[in-house]
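Trainee: I have a structure open and want to go through it with you. Can we start with the terms and then look at some residues?

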Amino acid sequence: MIMSKTQIESLCSSLLQELEVIWDEVGETETEREKILIEIEDECRAVYSRKIEKVKDERNRLRQDIVDSKSRVIAICSVMEEPSSLGRQHQSDQSGRRSLKEELVKILQKLEDMEKRKSERKDQFIQVIEDIKCISEEINGESDDTRSSDFSVDESDLSLRKLEELHSELYTLQEEKRTRMKHIQDHLGTLESLCSVLGLKYGETVTKIHPSLVESEGSRSISNETLDKLASSVNQWHETKIQRMQELQDLVTTMLEFWNLMDTPAEEQQKFINVSCNIAATVSEITKPNSLSTDLLEEVKAELCRLEELKWSKMKELVLKKRSELEEICRRTHIVLEEQDISVENVIKAIESGDVNPENILEHIEYRAGKVKEEALSRKEILEKAEKWLNACEEENWLEEYNQDENRYNAGKGSHLILKRAEKARALVNKLPAMVEALVSKITIWESEKEAEFLFDGNRLLWMLEEYTELREEKEQERRRKRDLKKLQGQVTSEQDKGTPTRPQSAKKGLKVSTDHKRFASSPHTDSPRSAKSFTSQSRYG
């Protein structure tokens, strides 16, 4: 219980009175009494002094604790870049005359709050830095750069600004991680497609790059090394796909040539029909599993070896077939084949003797057939007109025979059809001069451009047309002579009861036809059936 000042003074006064009573009983002198009172005062002063010093020490300690606590609060606020607000608090304490102990309690509460906030802020830094470290290790792997990087918390700067910088760095790393995961997923998809097409085991191929790539997406390695290896593997197998595609297309091209050469049945081709479909495909269009596997390439190579052996056994048949095809082309285009070295007899003799490679003969025949086809294109228009001219000549021959038939007007079965044909024949024959003129013009232009003669079954077509024109003119002249002769005979008959008929001058015509026919027949290029027919027609009617 704390005594008040009045109580202390009352107690002291009571004690002095009691001391005075005792001294009176004892008979103490005034000197002694003064001396004792002085000692009592000194002792009381000493006790008060000790107590005051002790209280001063306590006050100084409190003040120092307040200063230290304030310093710690200010330091924490500085680290966290926040205002301390202690200045405003001190002014409030001064105005309210708060005691040192109360002030210390307040500051300690502030310090405890700031230390708690600092701890929470530090935990946030630790979490973000750990995330940054984890993603950095995933990206860079266990490289020297990652090991040398400082991922500790810098406690000298725990500001929100610094925390935001770390969050921004973490976000950038997370974006890079997502990008890398997408790249890896895309590469794996491409690699899986390549493995399927090339007939490779996808799991084994991926495991060689990094075992984690066969696992779920979340645990896959996204390091620079893994990404580089994966991209390199994709490029390597893509190049392999291109090489195999080119090799397969070359093999298939050769195989198709063999098939066409030997007329391979569709049943035998069916096994490789899917392979032949890729002959003109691009790299991106080949997606079917095992369509470029080594097993498939070996199968195609084996088929080519079989066809190669079969080709040699059928080469004689093939050469003769191609020779017949060439002759057929020449026959249709009225071109005379002059090469004696590829005649049927010489071809058979060369193959059987083994002196010449049948493949070379075949190549030469195909080359000659190509040249004939090329030449036929430039001759097409003239040949069509020549065919029309020859058909018209045939109709002209028929019409002349029809006109010489004395019974042509007798009614009979089918006579109306014959009359209709005769009308059409007369219309066509009337067009012959214009047809000949147009054909001569075309041939003249062609020979001028090509600087060569236009041959028709070995004979110059222009000469044939000229001779036809001459013969047609002679025929017209003979017809006029016959008409004049008839008129003359009619006059003689009217004057005489019986006159001697004038001999028709047809012997000259017959001689002319016979001579012309022999001249065409003696030509070295009349071996074609169509040629002989044409020459005969022209010998008779041009």
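This is a predicted model: local features need pLDDT of at least 70, side-chain atom pairs count only at pLDDT 80 or more; totals for chains, interfaces and linings use all residues.

Trainee: Fine. Is Glu-447 buried or exposed?

Mentor: Glu-447 counts as buried, because its relative accessibility is 11% and the cut-off for buried is under 20%. Glu-447 is part of helix 16, which covers residues 432-450.

Trainee: Which residues does Glu-447 touch, leaving out those up to four places away in sequence?

Mentor: Ala-452, Glu-453, Phe-454, Arg-460 and Leu-462. With Phe-454 there is a polar pair: a polar side-chain atom of Glu-447 lies 2.9 Å from the backbone nitrogen of Phe-454.

Trainee: Back up to the whole chain. How many helices and strands?

Mentor: The protein chain has 19 helices and two strands. Its length is 542 residues, and 32% of them count as buried.

Trainee: What share of the contacts between residues at least 6 apart joins residues at least 24 apart?

Mentor: That share is 74%.

Trainee: And salt bridges, how many?

Mentor: The count is 35. One of them joins the side chains of Lys-122 and Glu-155, at 2.5 Å from N to O. That pair links distant parts of the chain, 33 residues apart: Lys-122 sits in helix 4 (residues 100-140), while Glu-155 is in the loop between helix 5 (144-148) and helix 6 (160-198).

Trainee: What about Lys-177, which residue is its salt-bridge partner?

Mentor: Glu-138, with the closest N and O atoms 3.2 Å apart. This pair also links distant parts of the chain, since Lys-177 is in helix 6 and Glu-138 in helix 4, 39 residues apart. Lys-177 is partly exposed at 21% relative accessibility, and Glu-138 is partly exposed at 27%.

Trainee: Then Arg-180 and Glu-176, how many residues apart are they?

Mentor: Four, both in helix 6, so about one helical turn separates them. Arg-180 is buried at 10%, whereas Glu-176 is partly exposed at 32%.

Trainee: Last topic, the surface. Which residues make the nonpolar patch of about 290 Å²?

Mentor: Ile-8, Tyr-48 and Ile-52. Tyr-48 belongs to helix 2 (residues 30-79) and is exposed, with a relative accessible area of 53%.

Note on methods. Residues are numbered from 1 along each chain as its sequence is written. Side-chain values use heavy atoms; hydrogens and water are left out. Patches are made of residues with over 30% relative accessible area and no salt bridge: like charges are joined within 9 Å, nonpolar side chains (Val, Leu, Ile, Met, Phe, Trp, Tyr) within 5 Å. Accessible areas come from the Shrake-Rupley method with a 1.4 Å probe; for residues, only the protein chains shown count as cover. A salt bridge is a side-chain nitrogen of Lys or Arg within 4 Å of a carboxyl oxygen of Asp or Glu. Buried means under 20% relative accessible area, exposed over 50%, partly exposed in between (1.4 Å probe, protein chains only). A polar contact is a pair of N or O atoms within 3.5 Å; within protein, one must be able to donate a hydrogen and the other to accept it, and residues adjacent in sequence count only if both atoms are side-chain atoms. Contact means heavy atoms within 4.5 Å.
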